[in-house]
Amino acid sequence: MFSASSASTLPSDTTVVRSVRGRAGGRTRGSGRTRLGAVTLVSGLLMAGTLAGAGGAAAEDVPQHQGGAVAVLDGLKTFDTAVLHTEGLGGEPDRTQQLPAGLFEMTVDGGGKLKTYCIDLHNPTQEQAKYLETPWGQTSLGANRNAGKIRWILQHSYPQVDDLAALAEEAGTGPLTERTAAAGTQVAIWRYSDDADVNASDKQAEKLADWLERRAKDVGEPRASLTLEPAAVSGRAGERLGPVTVRTDADQVSVAPPADAAASGVRISDKDGRPVTAAADGARLYFDIPKDTADGSAALTVQATTSVPVGRTFAGVTRSQTQILAGSSESTVSARATATWGETGAVPALSARKNCAKGGVDITAANKGDAPFTFELAGFEHTIAAGTTRTVTIPVAEDQGYDFTITGPGGFAKSFKGVLDCATSGSTKDTDGGIDIQSAKQPVPASTGTSSTGIEGDLAATGGSSATPMIAGIAIVLVVVGGGAIFVLRRKKPHTDGE
């Protein structure tokens with residue numbers, strides 16, 4: 001069975017349940033938003049369908065993640081101010097707004113520190129938000145033709161270049177401090193990430209921003225710090241299921257077997273059956289399932305300590321300003337893969353990932369069994385023949401939180417949750433009243449991700465607003481699509497007529 005519900009952290013007490021009609025696969029974001037059924041207002045969380053069948057194992061309540069670093073936002077730590085220029089609407093005068101610009105810091109789960117810049121100016125940060133290392137294609141950078149220039153800026157400015165005297169001399173700016181260097185770098189990034197009309201308040205910082213913007217060149221996306229491909233495999237007991245390939249820039253990763261390996265006898269091995277406890281980039285891992293093992297599932301975890309590559313993006317598990325990595329200490333990174341096996345019939349391997357190009361979440365089912373695997377999704381029945389793989393896209397609205405739980409044979413259950421954050425505003429037009437100005441008589445609130453120091457004068461939190469909860473509540477009512485649809489995934493016996 002497969003049910004969908006909203007993430008429990010949606011910032012609103014009222015959400016909308018919509019039933020999605022029409023085929024989910026291959027839908028564009030526009031058609032996903034317009035082809036809707038009945039709309040029902042529900043107080044609290046989006047209602048979920050009841051899980052049934054396929055065993056009693058509880059679904060893993062983990063964020064959707066292809067692997068890498070997981071971190072918590074500590075705040076905006078090294079910053080100065082910038083001025084955002086927005087166009088008024090309907091004859092209204094243009095506006096200028098002051099806001100902090102600079103480096104955020106994150107604490108990595110398992111150890112390590114990250115420094116990041118914002119690439120999502122109009123979206124607020126959330127206090128202590130959890131972030132996941134994420135491919136460009138699953139963020140706004142995937143459709144941004146200037147994404148490579150942002151990475152060039154990161155490589156050629158602070159903190160990657162920590163000799164500020166040398167940076168100032170090369171850029172011809174005059175003296176730079178850590179704060180003004182960070183502000184100038186952030187301003188240059190915003191011009192490419194958000195197409196923003198923004199200037200640094202400090203004269204030297206503004207010269208740095210201009211120099212970085214002019215000099216920037218396209219640079220390719222950095223590789224992930226650690227992933228496993230594919231994230232799910234399936235097959236028969238008595239076989240080696242896989243391979244699962246390690247992709248990493250670390251010298252070596254440790255390989256942890258399934259939690260119940262001692263009782264189940266399931267081992268992680270190479271293709272020849274030799275046990276594997278450590279691996280390098282390109283290594284091919286297998287789940288070695290003893291013959292006559294009862295239908296079930298297992299997971300392996302790989303972990304390493306490495307410096308996360310500059311330019312990797314970090315997306316919030318809940319809605320929070322997307323970040324891009326500017327610097328990393330030695331940090332803990334990990335990835336996970338699952339295996340499912342069965343004696344007879346269909347044996348699916350199920351995985352999910354964001355699909356920004358189609359405005360949704362891809363559910364991929366690979367059937368390594370000897371019978372078709374049939375499931376219903378958004379009112380449509382899909383059949384995956386034995387030995388084939390199929391992907392179905394579930395439409396999700398921009399900025400919508402989702403929580404998908406997938407279950408399968410032998411008690412397999414896995415949850416994927418996150419926020420589809422695939423676009424920035426893409427404009428500096430003043431469409432929502434701008435970013436609210438906050439009085440500097442009080443420290444900048446922690447929910448904006450800033451330090452407790454504050455800056456003299458009026459100050460807007462980066463992407464933040466005192467009206468954020470109310471705006472978020474209204475936005476959820478207006479844009480929730482697909483998250484409330486109830487999807488059913490079931491295992492069927494093959495039809496006798498061969499259909």
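Reply: A crossing is left-handed if the near helix is turned anticlockwise from the far one by less than a right angle, and right-handed if clockwise. This is a predicted model, in which local features need pLDDT of at least 70, side-chain atom pairs count only at pLDDT 80 or more, and totals for chains, interfaces and linings use all residues. Residues are numbered from 1 along each chain as its sequence is written, and side-chain values use heavy atoms, leaving out hydrogens and water.

Me: Is the crossing of α3 and α5 left-handed or right-handed?
Reply: Helix α3 covers residues 164-171 and helix α5 covers residues 203-215 (helices are DSSP runs of H or I with at least four residues, strands runs of E with at least two, numbered from the N terminus). The crossing of α3 and α5 is left-handed.

Me: At what angle do α3 and α5 pack?
Reply: Their axes (lines fitted to C-alpha atoms over the stretch in contact, with angles from 0 to 180 degrees between N-to-C directions) are 10 Å apart, and the helices pack at about 65°. Therefore α3 is roughly perpendicular to α5 (65 to 115 degrees; under 35 is roughly parallel, over 145 roughly antiparallel, the rest oblique). The angle asked for is about 65°.

Me: Which residues in α5 do L167, E170 and A171 in α3 meet?
Reply: Contact means heavy atoms within 4.5 Å. By class, the contact of α3 with α5 has four nonpolar, no polar and two charged residues (nonpolar: Ala, Val, Leu, Ile, Met, Phe, Trp, Tyr, Cys and Pro; charged: Asp, Glu, Lys and Arg; polar: the others, Gly among them). On the α5 side, the partners are L208, W211 and R215.

Me: Nice. Is the crossing of α4 and α5 left-handed or right-handed?
Reply: The axes of helix α4 (residues 178-193) and α5 come within 8 Å and cross at roughly 40°. That angle is why α4 counts as oblique to α5. T180, A181, G184, T185, V187, A188, R191 and Y192 of α4 make the contact with A205, E206, L208, A209, D210, L212 and E213 of α5. The crossing of α4 and α5 is right-handed.

Me: How far apart are the axes of α2 and α4?
Reply: Helix α2 spans residues 147-155 and packs on α4 at an angle of about 170°. The two helices are therefore roughly antiparallel to each other. Here K149, I150, I153 and L154 of α2 touch T185, A188, I189, Y192 and S193 of α4, which by class gives six nonpolar, two polar and one charged residues. The axes are apart by 9 Å.

Me: Now the backbone. Where is the place of P230?
Reply: The peptide bond from E229 to P230 is cis, with omega near -5°. P230 sits in the loop between β9 and β10.

Me: And in which strand is P243?
Reply: The bond from G242 to P243 is also a cis peptide, with omega near 5°. P243 belongs to strand β11.

Me: What is the phi of D195?
Reply: D195 has its place in the loop between α4 and β8 (198-200). Its phi is positive although the residue is other than glycine, with a value near 50°.

Me: What is the positive phi of Q128?
Reply: Q128 lies in the loop between β6 (113-118) and β7. Although Q128 is not a glycine, its phi is positive, at about 55°.
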